[in-house]
Structure formats: C-alpha cells, structure tokens
Amino acid sequence: MSAVDEVDLAPLLARLARGPQPWVLLVDGRSGAGKTVLAGRLAAATGAGLVSLDDVYPGWDGLAAGAAAVPGIVREGRWRRWDWIADRPGEPASVPRDGSLVVEGCGAISRASRPLADHAWWLERDDADRRRRALARDGQAYAPHWERWAAQEEAFAAREGSRELADLVIAPVVE
C-alpha cells in the first residue's frame, strides 16, 4: 500500500462536510504525487463526480490547455477527451453538475479555476519519490516524456501560484 493510500480520509472527509454542499474540490500537485489515488478514494467515499485531467490534456505538451479546460468542466461538467492512442481529440465527455465534483491533475488549481472551487488541495512529495512512483505506474510510456512534462508543471505552478492558492497542502510520508 502506498503512502497516499494510507492517508487518513476521516479529517479530509470532515473538511469537505463542513463546507458548502455540494462542493467542488481541485486536487493538484506534480506528477507522481498521488493525486489520482487520493481523488479516487475521496470520490468513492463521497459519491462525488470525478474528472481526471489525464483524460483532458491534448498530448504531452498540453498541460496548459488541460488546465484551461477546468473552469468549463466545473461550470458545465463537459469536456472533450483526448485520445492518447490516436493522438487527437476524442469523444465528448460529461459529469453531472448537480452534485459534488473532484477535478484532479497537474494544473487543476489556477487563478481561473480556484474561485470556482470550494476546496483546493495540493499534494507535495519528494522529486525522486514522485519520479519513481510515476514511472512505476506508467513505465516506458511516460519515461521519454518525464522531463518535458516536468518543465510544463514547473512553469505552470510558478506562473499560477498553484500551491499558494491551495487551502490545504498534503505531504504524505514517503514509504
């Protein structure tokens, strides 16, 4: 079990319960930080809709474009999936907007998306551990793109102040 799997959900769920209902939560952080695992656990525990920006980014140079889609996803619950195999836009997708929503991925928290969300959580993890986790998860499909993607993450987070916009920083213990 990974450290993110071991994060105690109880205080996080209590935090969500104290806010407006239904709520919108943005989960952000660098690649390999554990966003997808945590967001999935939270959505499963609460019944919230879940959108992963991995389904939205238009290719390996698309972090900014994926982030730009977040406000529309939050407001309208619609986006176009990216077909990674064909390397082109895929099918339209949607999520109900009458309930709570979790949007997770690098670039989820931006100056444009933050005012639309009730909660914004940043996952922090050591660079070496993040890389090890991401490559273990995605293997050779991701390895050639690691540096390219990391440069986009750094530039976006610095430009937007994503970590600083978060109302909670979660730093799981390294396993």
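Begin by selecting Ile-170, which counts as buried because its relative accessibility is 10%, where the limit for buried is under 20%. The model on display is a predicted one. Ile-170 lies in strand E7. Show the residues that Ile-170 touches, leaving aside those up to four places away in sequence: they are Leu-12, Leu-38, Trp-121, Trp-122, Leu-123 and Glu-124. Leu-50 stands 120 residues from Ile-170 in sequence, and the C-alpha atoms of the two are 19 Å apart in space.

Which residues of helix H1 are buried? Leu-9, Leu-12 and Leu-16 are. Turn the view to look down the axis of H1: the buried residues fall within an arc of 65°, so they line one face of the helix. Now display what covers the buried residues of H1; strand E1, helix H2 (35–46), strand E6 and strand E7 (168–170) are included.

The next stop is the largest nonpolar core, which has 26 residues. Select Leu-26, Val-51, Leu-53, Ile-73, Trp-79 and Val-103, the members that touch the most others in this core. Two or more residues each come from strand E1 (24–29), helix H3 (63–76), strand E5 (101–104), strand E6 (119–123) and helix H5 (146–160). The largest share, 5 residues, is that of H3.

Finally, select helices H3 and H5 together. How do H3 and H5 pack, at what angle and with their axes how far apart? The angle is about 45°, and the axes are 10 Å apart. H3 is therefore oblique to H5. On the H3 side, the contact is made by Leu-63, Ala-64 and Ala-67. On the H5 side, Trp-149, Gln-152, Glu-153, Phe-156 and Arg-159 take part. Coloured by residue class, the contact of H3 with H5 shows 5 nonpolar residues, 1 polar and 2 charged.

Notes
Residues numbered from 1 in each chain as written. Predicted model: local features only at pLDDT ≥ 70, side-chain atom pairs only at ≥ 80, totals over all residues. Heavy atoms only, no water. Core = buried A, V, L, I, M, F, W, Y, C linked by side-chain atoms within 4.5 Å. Buried < 20%, exposed > 50% of the residue type's maximum accessible area, 1.4 Å probe, protein only. Helix = DSSP H or I, 4+ residues; strand = E, 2+ residues; numbered from the N terminus. Axes fitted to C-alpha atoms, helices over the stretch in contact; angles between N-to-C directions. Parallel < 35°, antiparallel > 145°, perpendicular 65-115°, else oblique. Contact = heavy atoms within 4.5 Å. Nonpolar A, V, L, I, M, F, W, Y, C, P; charged D, E, K, R; others polar. Arc of directions from axis to C-beta.
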